[in-house]
Amino acid sequence: MTPAARTQAAIELLDQIIAAARDSGPAADTILARGLAARRYAGSKDRRAIRELVYDAIRLCGERPESGRSAMVALTLGDPALAATFDGSPYGPAPLDPHEPPAETGALPRWLARAMAASGLDAAQQAALLDRAPLDLRVNRLKADRGAITAQIPDARPLDSVPDALRLPPDTNVEQLPAYRDGAIEVQDAGSQLVSIASGAERGWQVIDLCAGAGGKTLALAAAMDNRGAVLACDVDRPRLSRLMPRAERAGVTIAATRLLDPGREAEGLADWRDRADLVFVDAPCSGTGTWRRNPEARWRLTPARLERLVRTQAHLLDVAAGLVRPGGALVHVVCSLLDAEGAGQVQAFLERHPEWDAAPLALGAGQAHGPGMRLTPLSHSTDGFFVAKLIRR
Ligand SMILES: C[S@@+](CC[C@H](N)C(=O)[O-])C[C@H]1O[C@@H](n2cnc3c(N)ncnc32)[C@H](O)[C@@H]1O
């Protein structure tokens, strides 16, 4: 493909990504994978170049742009070579018009920048939410130790503050590694690993992972528990939950079981666990503002109404969880978001509704105290953004 044809392909894919962000359509990665597969004439260098152009444009535009072209025009402002590809050639974009308005640039949509500032994140912290994410592994201590895996993967670098974490070059094909096929490693952001450990889950505990999804943290909890005790992994999403047990098997986790819940009727579905759990881990559905490094177009999808719905669901799930914990037991609230409405504020509101609960200190190894819990941020801790709090029932 000519450079101009690559630019035009990026513009067309951006148009689809912008429409999907507006209409709750597929994620940018899905659109890119489909769109690039459909362009059979594109070689691997073309695909890489188009992908890079698309993500550079997404990162550059805080507000959702009007069109793919306006986003690419914004990108040309710092890149004369890119501007030269607007040459009107057969497969390329029409020439630039000097009066053509570029898309607005910036890190975040204005309403989210205000909400982040009110949550204590300055401009540098906000900009770092859009950095490129590293590739982290969790060594599954049920099958291997970090030294053994480092010997197998020479490019892997241990992370000091996260006991089982290794950081790899971002383009490593992890699924091809024998250690992955053997269940000795999982792809998991260092922050996800830290918040799982923060729960303090111990051997022999009876644990509910209330929002387990496909089980990333279920497996980390089971490994921390040395595969002794029980972890009941719940979710309302059948396809996600159905991926959990095959992963558990590969990882050698034998203490996990799954239970599909009905949204709004979670307490009924868990009536046999009332007042019983040593720990209920709530990795709540959230806006994902801490994971924008991986899907930066998600900031164009979030609306105040959607955020409000998520905050209501989180409060409901915390109330459900509270009914499942034994006296003296723990409830851990985690969100991969840095908005206080979902983190510190959410937990503060829980403590006001439930005076028989107290916030407990967290032994996290990294992070900053924030309200009743702790926070990890891409800028300060080089992890995804998280808020985590541990609450104890008196
Ligand atoms: C942050 S994700 C969980 C990620 C998962 N714990 C992991 O480590 O991979 C939140 C999960 O909450 C689930 N969820 C949403 N509403 C729920 C509800 N009412 N009860 C239980 N789970 C719910 C979603 O389906 C989603 O899988």
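The ligand is surrounded by 19 residues, of which Cys211, Gly213, Gly216, Lys217 and Asp237 are the closest; a residue is near a molecule if its C-beta atom, placed from the backbone, lies within 6 Å of it. The model is predicted, so local features need pLDDT of at least 70 and side-chain atom pairs count only at pLDDT 80 or more, while totals for chains, interfaces and linings use all residues. Residues are numbered from 1 along each chain as its sequence is written.

By class, the shell around the ligand holds 10 nonpolar, three polar and six charged residues (Ala, Val, Leu, Ile, Met, Phe, Trp, Tyr, Cys and Pro count as nonpolar, Asp, Glu, Lys and Arg as charged, and the others, Gly among them, as polar). Helix H11 (216–224), strand E6 (230–235) and helix H15 (304–322) each contribute at least two residues to this shell. Helices (H or I, at least four residues) and strands (E, at least two) are DSSP runs, numbered from the N terminus.

Helix H11 is mostly covered, with nine of its nine residues buried; a residue is buried if 20 or more other C-beta atoms, placed from the backbone, lie within 10 Å of its own. Among them are Gly216 and Lys217. Just after H11, Asp226 adopts a positive phi of about 60 degrees.

The largest nonpolar core contains 84 residues, and Val280, Val282, Ala321 and Val388 have the most contacts inside it. H15 gives the most to this core, with seven residues. Such a core is a set of buried Ala, Val, Leu, Ile, Met, Phe, Trp, Tyr and Cys residues joined through C-beta atoms within 7 Å. Not counting residues up to four places away in sequence, Ala321 touches Leu210, Val280, Val282 and Leu331, contact being defined by C-beta atoms, placed from the backbone, within 7 Å. A second, separate core of 27 residues includes Ile18, Ala57, Leu82 and Trp300.

His333 lies in strand E9 (residues 325–335). His333 counts as buried because it has 27 C-beta neighbours inside 10 Å. Leaving aside neighbours within four places in sequence, His333 is in contact with Val282, Ala284, Leu318, Gln346, Val347 and Ala389. His333 and Gln346 are 13 residues apart in sequence, with 9.2 Å between their C-alpha atoms.

Helix H3 (residues 44–60) includes Ala57 among its buried residues, along with Ile50 and Leu53. The buried residues of H3 pack against helix H1 (3–22), helix H2 (28–38) and helix H4 (68–76).

Definitions and conventions:
Buried ≥ 20, exposed ≤ 12 C-beta atoms within 10 Å, placed from the backbone. Contact = placed C-beta atoms within 7 Å.
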